[in-house]
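Here's a quick tour for anyone opening this structure for the first time.

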Amino acid sequence: MNSCKNKTKQPYQLTGNVLVDGQNLAQEKCTSCHALVPANALSKDVWEKHVLPYMASFMHISIYGSTYYKRNVADTAGSSLQEWLALVAYYKKTAPDTIVAAPKPIPLINDWAGFTLKMPAPVNYNSFTTMVAVNPYTHKLYSADFTSSKLLGWDNNLKSDSLGTLPSPAVNVNFTKDTAGNNTGYFSCIGRLEPADFPNGKIVKVNLDAKELNSDQTFIASDLPRPQQTVFADFNKDGLTDMIVCGAGKLKGGVFLLKQNPDHTYSQETIYDKPGAVQAITGDFNKDGWPDVMVLIGSGDEGLWQFLNDHKGGFTKRNLLRFPPVYGSSSFQLADMDHDGNPDLIYTCGYNYHDSRRIKPYHGLYIYTNTGNWNFKQRWFYPINGCTKAIAADFDGDGDLDIATIAFFADMKNTPAEEFIYFEQVKPFDFKPHAIPVSQYGHWMCMEVADLNNDGKPDIILGNYSSGFLFIPGFKPTWDKKLPLIVLENHTKK
């Protein structure tokens, strides 16, 4: 839940009825910044002790101990003290005492579902893997580590080699070949991993064929607010490849266009000036022959936006979906799940590092069908506590799409199996959820799907962020902290 200025033409006239005033004020004050958060989305103590005190400052309300008072501000933005107290009273009265996890509509099946486990030898340090990626040109596996900012390469036997050090941990990479034929990686180096307004992220071009990677790096952009991902296209059709960067930040962030100049430098423009961008996909979404961008915003004003190319070097924005800012939108993919020719939406939410770190029953894996012109309708949902990524692929070769998910903020004390689930599609929108037993081996922050062993079947790579970000009381991990990653080799049969 992030800041904005809420400008009201006429002050709300309080009625004295807690329910009426609270509903009206929440609709008026909160929805100018983000989708409405229902009172029953969080427990009473979370509203009272975390969310409301955090939101108070955005309405020019200050807190001393348990007492609220109005800041001395000249403009009319925000809330009067009486309005704020009425809003607080509403959430205290209507919020439930507890929030319980959602039951699984289909029980998890504990098996290997045709996958086999392949592990490297442990390294001599605690692993904090922030990226796993496979170069489609070479089938080589790469990973990045948080504490050392190292880039590691892995051979077919999962033997690692430290290739060099990046300016900060990489969380995403785009592989290309440069004009000389060298294998090249454009790495999104996040700077600070946890949400913070400390813009030291960078986009770094690395010659992956160089003998010494440290000496063959080029900074494409610097001082970025926690860049999560970079995507490529020639947006202005000048023959030069441009980039879109998702800068998540915390309270300050944005979506940035890096236009490539004739001298191969880049000029940076902001096309969306709010924080929270976590993922982008390019495509010609309106079929006008120009590349567009679709962006998922995962905090604050959460939702899915299209940025349609205006043919003049800029974009027009269209909102497709909005989600309450307690969802923690974490990933999306476009795939034709119902074979009607329209790309559908596979969406996950569960990034649980904001104001409330409790289990939430609306976290999980969603499928929205595209009913035409990018209008989405929810078709399917499976609850997964703290779900953070989904990748759809035809893993079993039967002609339909299956889905692999990870949940970095899973309930690892009570349902650790949900940390990785393979959803086998047996008929349209009917999935068998296989809890492949790998939660004992690590804490999966990142996931890649690629044909790693070149046998024609997509394999799954999971990166282990071995310590930290654990909010489950009484949970003590037993996995090997020196294991950087695992591979689930695909041996499924039709």
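Two residues are in contact here when they have heavy atoms within 4.5 Å of each other. Keep in mind that this is a predicted model. With that in hand, let's start with helix 2 and helix 3: K44, W47, E48, L52, M55 and A56 in helix 2 meet W84, V88, Y91, K92 and K93 in helix 3.

**Helix 2 against helix 3**

- Sorted by class, the residues of this contact come out as seven nonpolar and four charged, with no polar ones.
- The axes of helix 2 and helix 3 come within 9 Å, and they cross at roughly 155 degrees.
- Angles over 145 degrees count as roughly antiparallel, and helix 2 and helix 3 are therefore roughly antiparallel to each other.
- As for handedness, helix 2 passes helix 3 in a right-handed crossing.

**Helix 1 against helix 3**

- Helix 3 also has helix 1 (residues 18-30) as a partner, with axes that come within 8 Å and cross at roughly 110 degrees.
- That angle makes helix 1 roughly perpendicular to helix 3, because 65 to 115 degrees is the range for that label.
- The crossing of helix 1 past helix 3 is left-handed.
- On the helix 1 side, the residues that meet helix 3 are V18, L19, D21, G22, Q23, L25, A26 and K29.
- On the helix 3 side, their partners are E83, A86, L87, A89, Y90, Y91, K93 and T94.
- This contact between helix 1 and helix 3 is made up of nine nonpolar, three polar and four charged residues.

**The largest cavity**

- How many cavities of 30 Å³ or more does a search of the whole structure find? There are five.
- The largest cavity holds about 100 Å³ of space.
- It is lined by 12 residues, and C30, W47, L52, M55 and Y91 are the closest to its centre.
- Helix 2 (44-56) and helix 3 (81-94) each supply at least two residues of this lining.
- Helix 2 gives the largest share of the lining, four residues.
- What is the lining of the largest cavity like by class? It has 11 nonpolar residues, one polar residue and no charged ones.

- Strand 8 (170-177) and strand 11 (217-224) each supply at least two of the lining residues.
- By class, the lining of this pocket splits into six nonpolar, six polar and three charged residues.

Key. Residues are numbered from 1 along each chain as its sequence is written. This is a predicted model: local features need pLDDT of at least 70, side-chain atom pairs count only at pLDDT 80 or more; totals for chains, interfaces and linings use all residues. Side-chain values use heavy atoms; hydrogens and water are left out. On a 1 Å grid over the protein atoms alone, a cavity is a set of points where a 1.4 Å probe fits but cannot get out, and a pocket is an open set with protein on both sides within 12 Å along at least five of seven lines; lining residues have an atom within 4 Å of a point. Grid points are joined across faces, edges and corners, and a volume is the space filled by probe spheres set on the points. Ala, Val, Leu, Ile, Met, Phe, Trp, Tyr, Cys and Pro count as nonpolar, Asp, Glu, Lys and Arg as charged, and the others, Gly among them, as polar. Axes are lines fitted to C-alpha atoms, for helices over the stretch in contact, and angles run from 0 to 180 degrees between N-to-C directions. Angles under 35 degrees count as roughly parallel, over 145 as roughly antiparallel, 65 to 115 as roughly perpendicular and the rest as oblique. A crossing is left-handed if the near helix is turned anticlockwise from the far one by less than a right angle, and right-handed if clockwise.
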